[in-house]
Every structure is written in C-alpha cells, then in structure tokens.
Amino acid sequence: MALSRLERAQVWLLKAVTEVLVIVFRFFSPRRPALSGKKLPPVRNSLLLMSATQLAKKIRRKEVSSVEVVQAYIDRIQEVNPFVNAVVKDRFAAALQEAAQVDKLIEEETGGEEVLEDRLPLLGVPLSVKESYALQGMPFTTGLVSRRGIVATVDAPPVALLKRAGAIPLGVTNTSELCMWYESHNHIYGITNNPYDLERIPGGSSGGEGSILGAAGSVIGVGSDIGGSIRMPCFFNGIFGHKTTPGVVSCENQYPPSSGRQEEYLSSGPMCRYAEDLLPMLKIMAGPRSRMKVSATSNTVCVLPMTFKRTELFLFCLFFSQPPQMFAELMGEPGRPAWPLWELLKWMIGRSDHTLAAIAVGLIEMTRMSKTPSSIIQMKEKLQKQVDELLGADGVFLYPSHPKVAPKHHHPLLRPFDFSYTGIINMLGLPVTQCPLGVGEEGLPLGVQVVAGKLQDHLTLAVALHLEKTFGGWKDPGAN
C-alpha cells in the first residue's frame with residue numbers, strides 16, 4: 001500500500017515548506033522580552049485548592065458562600081494573569097452578581113441539600129471558557145483580527161449546560177489563531193505563557209484554558225480538541241482533560257465550525273485540576289440524552305505494547321484532503337480568502353494581521369492532495385480494526401502525550417508534527433483522558449494519555465482517578 005510518486009512528492013513538498021518557514025521565522029521574528037527568573041506567586045487561599053465537586057458541596061451546605069469562592073478566583077486571576085496572559089476578557093462584575101444570587105437561592109431553598117445537588121450540581125462554582133466557544137455577551141473571535149468586535153449572542157450547548165447546572169463563567173481564555181496550532185498566540189490578544197515556566201508554551205489551541213487552570217486561576221474549564229487541543233495544554237500545564245468520543249458532547253456554536261473530515265475528529269470536553277471533576281462535568285456537558293456509559297465495569301488492567309507507524313503521513317493525508325472550506329477562506333473572512341504567500345511577505349515586514357503559524361497552515365494547505373489516497377484509507381481502517389479488537393469494551397492503553405515537555409515559545413515551528421502523538425487518537429475517533437504524572441527535573445509537568453474504545457469514556461476517567469491518587473495530580477507552579 002505504498003504511495004504513488006506524486007503523493008510522495010506532495011509529502012516532500014510539505015516538509016520543504018515547513019523547513020523554509022522555520023528559516024524565515026528565525027530571521028524575521030521579533031524578540032520577546034526576557035521572562036527568565038520570573039515566577040508565579042504561590043497559592044495562598046485554601047479555597048483554590050479544592051475541587052469543583054468539593055466547592056459545590058461546601059456552597060450547598062453554607063460552609064462557604066459562592067461570593068467568597070468567586071472572589072477568591074477573581075483575586076487569583078488578577079494576581080497571575082499579568083504573568084500568563086490567559087484570560088483575555090473577564091466578566092467579574094456579572095459573576096459576583098450571579099454568585100450573590102446563588103447564595104440567596106441557597107438561603108431560600110426548602111428542599112434540602114440533596115435537591116440542590118440533583119438539580120444544580122455545580123451551583124456557585126466558577127468556570128472558565130475557551131474563547132472559541134460562544135459565551136453570551138463575550139468576545140467570539142478565535143484570535144482572528146477581522147473578527148475583532150464580534151460578540152457571542154448565545155451560549156454554545158456545553159457552556160449552556162454547565163451554566164444550567166449552576167456554574168458561573170468568569171471569562172474567556174486565549175487560543176491559537178483559528179484554533180489550528182499548538183501554541184496560543186494571535187494578533188488580538190497576544191501570546192499566552194506556561195505557568196510553570198513563562199518562557200514556554202501552554203499549548204494550543206486550548207492554551208489559555210490550560211494556562212489559567214494550571215495557574216490555579218480556574219478550577220474547571222471547557223476545551224475543544226481536533227488534534228490534541230485539549231490534551232497538549234493539559235500535558236504542558238499539569239492538569240486533567242478529556243477528549244470525548246466524537247458526538248458525545250455537542251460542538252455547535254464554536255468558531256471556526258468544523259468541516260469535511262474535521263467533523264470526524266473534533267470533540268469538546270472538560271479540563272480541570274482535579275480528576276474527580278471530570279465525570280460530573282462530562283455528564284453535564286453531554287446532556288441527558290447521551291449514549292455515554294457513566295460507570296466502570298472492570299477492575300482489570302492489561303498492558304500490551306503498541307506502536308503507531310507513519311502517523312505524520314496519516315495526519316497530513318487525512319487532515320488536508322478535501323476540506324469543504326479552505327483555511328485561507330477562514331483567514332480572510334468576512335472578505336475574500338487570504339493569499340498565504342502574500343501574507344508571508346507582509347509578515348516579514350511586520351504588516352500581516354496573521355501569525356506565522358496560521359500562514360503556515362494556509363501554505364501547507366496549498367500542497368494538499370486532491371483526495372485522500374486509497375492506501376492511506378486502507379491503512380487507517382486496518383489500524384482502527386486492530387485497536388478496536390485490542391481494546392474491546394473494557395480495555396485501556398497508555399500512550400505518550402508529546403515527545404517533549406512544554407517547548408520554548410515558537411519552538412513548535414521547528415517540530416510541527418509533534419502533535420502526531422495526540423492527533424492519531426483523533427483520527428481513530430477514540431476517547432482519551434490526559435493525566436498529569438508530577439513534574440520532571442526541569443520543574444515542568446509530565447503526563448500520559450489514557451485511551452479506551454469508542455463510547456467507553458468512563459474507563460479512562462476511572463483510570464485518571466487512580467493515577468491522581470498515585471502520582472499526586474496537579475502541582476502548584478508557584479510552590480517552592
């Protein structure tokens with residue numbers, strides 16, 4: 001099932017374009033102010049060290065007020081956001097008003113704690129939201145300069161469900177431009193930093209979420225994942241995140257909307273600091289009619305060796321074959337499509353509204369194949385069958401999250417296909433939970449992907465609880 005000469009030539013051209021862009025970036029990129037030596041302040045408020053599940057219970061029992069919790073997180077965001085640039089627009093005043101209404105509701109409730117827990121399981125708990133999700137009244141640009149000033153008029157379904165469960169949004173967080181790169185940088189909001197090392201990336205495209213959660217500026221958040229956009233930020237920032245089986249959680253009212261084969265790969269899911277919040281969040285975000293199982297049925301763990309080969313080739317052929325809407329069209333909206341070569345020339349003199357990463361995606365798209373090679377489709381189907389047979393209904397496997405810990409800013413341009421470690425799971429349509437495993441010698445988070453069969457999301461979430469107990473879960477980046 002070898003590729004034809006033309007297909008091999010297209011793959012070679014892709015790699016050549018990437019290498020040229022790296023050379024251009026090294027020569028023309030502006031230098032950022034040095035951030036070495038600067039460090040986040042440690043967490044001092046004990047409310048910031050509780051899971052959303054614990055906070056909701058304390059709020060229901062009147063052991064702490066929602067206003068106190070929301071104010072604690074507002075204070076933390078104001079303390080750390082100048083370092084990480086993760087929250088790009090807040091709604092603090094509205095959140096405090098909503099928290100006060102929550103406290104009043106609890107005072108007036110006559111049905112007892114159990115009624116509140118069943119009806120409003122996240123009552124009074126703060127929430128952060130990726131800016132590419134519609135959150136009513138908040139910016140909805142996905143970092144595209146031509147969308148500056150666009151405000152969401154509705155809530156995306158998973159956001160609406162979390163709000164209906166009592167969660168209180170504090171603001172929206174940064175993304176990569178049009179959510180198609182694994183560094184969160186755009187020309188509306190700038191670049192987001194990793195809370196463990198400000199000179200490193202928090203990942204993308206849900207990097208703002210990963211950064212503010214890792215910095216203890218949020219306890220739960222909402223992300224999306226088409227090639228690792230939940231898992232890479234969770235890995236780099238030492239938190240938990242779950243990419244669902246596609247279709248379990250609605251992907252409506254996100255920008256850009258998915259198209260072509262992207263609809264097979266895109267998933268929405270929860271991001272959080274504490275593993276016990278994953279399942280409650282997912283049950284809420286999936287809605288009452290979800291097909292997802294919610295309880296584990298096996299305590300057996302079987303470890304088998306697995307190797308995915310030629311994943312870069314898989315992903316290039318599948319992601320860049322016949323998308324109904326070209327990336328250059330998205331870059332140019334609401335006007336004419338952008339011309340990536342022209343944007344590259346403008347970028348060299350500092351006149352482009354687009355990041356080099358977005359321009360690179362547009363250029364790579366120009367090398368795409370007219371259709372997915374049949375050999376690649378056959379390889380994909382064979383691999384899917386092998387994995388399905390291996391996992392069955394009660395199996396999980398562990399897979400590396402990334403070949404390196406959080407890279408320095410802009411270094412992903414040197415290694416654009418490192419996302420293959422996460423993207424291959426999207427291609428297979430499997431649920432996967434990213435779990436932190438402490439920090440390494442450099443003081444940067446370590447972690448692993450836990451993968452299960454389709455619609456067996458509950459299995460990976462159960463393993464996450466065990467890994468948190470064993471490895472300690474999230475670590476405060478400001479602690480000594």
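**Notes on the strand and helix packing**

1. Strands β10 (residues 432-439) and β11 (residues 445-452) run antiparallel and are joined by six bridges. Q434 has Q449 as its bridge partner in β11. Strands here are DSSP runs (E, at least two residues), numbered from the N terminus, as are helices (H or I, at least four).

2. Before going on: this is a predicted model, with local features needing pLDDT of at least 70 and side-chain atom pairs counting only at pLDDT 80 or more, while totals for chains, interfaces and linings use all residues. Residues are numbered from 1 along each chain as its sequence is written, and side-chain values use heavy atoms, leaving out hydrogens and water.

3. The open sheet has nine strands with mixed pairing, ordered β1-β3-β2-β6-β8-β7-β10-β11-β9.

4. Now the helices: α13 (residues 340-348) and α14 (residues 356-366) have axes that come within 9 Å and cross at roughly 150 degrees. Axes are lines fitted to C-alpha atoms, for helices over the stretch in contact, with angles from 0 to 180 degrees between N-to-C directions. That makes α13 roughly antiparallel to α14 (over 145 degrees; under 35 is roughly parallel, 65 to 115 roughly perpendicular, the rest oblique).

5. The axes of α15 (residues 374-391) and α16 (residues 420-428) come within 10 Å, crossing at roughly 85 degrees, so α15 is roughly perpendicular to α16. K380, L383, Q384 and V387 of α15 meet I424, M427 and L428 of α16, where contact means heavy atoms within 4.5 Å.

Conventions
Two strands pair if DSSP finds at least two bridges between them.
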